[in-house]
Amino acid sequence: MNILNLENISKTYMSKPVLHDVCIGIDSADKIGVVGANGTGKSTLLAIAAGKTIVDDGKVVMGNDIRISYLPQNPEFDMNKTLLENITDAIYAGGDHWDKMGEIKANLAKMGIDDPECSPSILSGGQKKRAALVAALLTPADLLILDEPTNHLDSEMIEWLEDFLNHYRGAILMVTHDRYFLDEVTNQIIEIDKGNAYRYTANYSGYLELKAERLDYEKAAERKAATLYKKDLAWIMRGARARSTKQKAHIKRFEELRDRKRPEEERNVQLSSLPQRMGNKTIILDNISKSYGDKVLFKDFSYSFRKLDRIGIIGSNGCGKSTFLKCIVGDIKPDSGEVEIGQTIKIGYFSQENEALYKAAKDFEDMRVIDYIKETAEYVKTTDGMMSASAMCEQFLFDANMQYAPIEKLSGGEKRRLYLLKILMGAPNVIVLDEPTNDLDIQTLRILEDFLDSFVGIVITVSHDRYFLDRVVTRIFSFEHDGTLFQSEGGYSDYLLHKHSEEGETTGAANNSAPKDKASKNSYKQPRVKKKLSYNEQKEYDSIEEEIMELEEKSKTLEEEMVNAATDFPRLMELTKEKESVDAEIETKMNRYIELQEMVDMYNNMTAE
């Protein structure tokens, strides 16, 4: 059932077109993830759907009695009311008059907020976002709109939210950078690119494949159009005149080809830096400890960082991860122990709350993007030679127009990207990242991940983004409840395997004896030797060749239909998907045919012997 339509909507901010003639329909069973670069209009799209932003053109059509619950990127609270009052007001405004006090308190506690009666003014930005998420999830709605819901959530909270949304009985429209989360929760992806919206019926992994197919199709169509244009241009140059209706149509086609909008190549950014000198002494943590009151964050921890270490730091919110990083970079002193920094070490520190971003320059918001970067360096050495600040801005998706715009015009995510670029322009040999994936778009994350692949130095990162950890790190430090740090080789997925293996050793040892005893009792029984195909196997063997031939004929027919549908993109995509399914079935049948034939040959040899 259709519950909301965005019909030909357009929106411009400060002379910058964000959305142009976008059409989107949302059904009651849709679980939609919105992706795109920072500043392309993802948050604007969500705010329009939620009724919080008015469109310049087009209209928003909503079904009767449709209820919407909305989590903005930066939620606001009434500071004259308690946190609990803010949340209950939001829930009751959504039309729910049941007493949810117990459920609210339980979910706040799950999000690491133990005092529901506190003033919102004492909460950090992350706590406010988590409290607003609780309000959004508990507000009765037919459409749940979430802008970056995984920001400031630890891994356990993210997994809980995945489960909640997978069981949610309404439609979901959300923006998130978390690629694993998109794969688990969504069944559709909308990509915002240069003001346009492209829709894909798939989760994130499926979207990547379908997008590649779309781009390949656009390139093929452009090659065909370019060939026709050259032929028509030669015809025009020969002095053709519109002496007949047919020739007029030919000239019109030429003009349409000449003025056609050409597909833009997706930028494949490759960013790498030259190795920076690093002596034998890097960073040494010697029995460091840190507590706040009775809460022990970490104790007696020692580690000597190696030159190419890729360390991922994980743990629940409030466990001390950011404090640990601040001890490493020297912003906080440990209660005991010592942090030793080698003389050649140059640290680039990307903090969680962007405080360094705003401290770095006077009149920060009025500064131009390029001037902010040039404060750090005019040039930086890369494997491709010296690269200017302007060229580095281009690599980080700040085009010429954006470089000379005041920083105040940037979105929150674009400011984070700018801050990251400034860190890298400093040419560090140790990069320390505190929640780098918060508010960064997936395209920027890929740039960062590729950069870290070739970075010759140490990387230390706090992150709850499981994909990012699997992609970047080779060792995990996990904060445990007793102030110890559990070390695991590999990425996040490897950590989970090691952790579960360790936890299961004790219980597993007691359970392992029973199966072994049972196996030993039956070990004397010899299995019956099989001498021919079973009835079902023989039946399958007799018919499988004919089935393969029929599938091959079907694949050939589909290929012919694809050629005829070359200009009908939706039909072409449908046929392509069907052909892929048929070809996959052919491969499966062929493998099974080979397996059955080997069995037949083996049994024939046994009979002959």
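**The second largest pocket**

A: The second largest pocket comes out at a volume of about 1,400 Å³. Bear in mind that this is a predicted model. The pocket is lined by 48 residues, and those closest to its centre are Gly315, Ser316, Asn317, Gly318 and Cys319. Which elements give two or more residues to the lining? They are α3, α4 (125-138), α5 (155-166), β11 (295-304), α9 (321-329), β19 (475-479) and α17 (492-522). Of these, α17 gives the most, with 6 residues. Sorted by class, the lining has 19 polar, 15 charged and 14 nonpolar residues.

Now for lysine 100, which sits in the loop between α2 (83-93) and α3 (101-110). Is this lysine buried or exposed? Lysine 100 counts as buried because its relative accessible area is 15%, and the cut-off for buried is under 20%. Setting aside neighbours within four places in sequence, lysine 100 is in contact with Ile91, Tyr92 and Leu138.

The other spot is helix α15, which covers residues 442-454, 13 residues in total. From first C-alpha to last, α15 reaches 19 Å, close to the 18 Å expected at 1.5 Å a residue. As for what is tucked away, the buried residues of α15 are Ile442, Thr444, Leu445, Ile447, Leu448, Glu449, Phe451 and Leu452. An α-helix has 3.6 residues a turn, so residues three or four places apart point the same way.

Terms used:
Residues numbered from 1 in each chain as written. Predicted model: local features only at pLDDT ≥ 70, side-chain atom pairs only at ≥ 80, totals over all residues. Heavy atoms only, no water. Helix = DSSP H or I, 4+ residues; strand = E, 2+ residues; numbered from the N terminus. Expected span 1.5 Å × (residues − 1). Buried < 20%, exposed > 50% of the residue type's maximum accessible area, 1.4 Å probe, protein only. Contact = heavy atoms within 4.5 Å. 1 Å grid on protein atoms, 1.4 Å probe; cavity = no way out; pocket = protein on both sides within 12 Å on 5 of 7 lines; lining within 4 Å. Points joined across faces, edges and corners; volume = space filled by probe spheres on them. Nonpolar A, V, L, I, M, F, W, Y, C, P; charged D, E, K, R; others polar.
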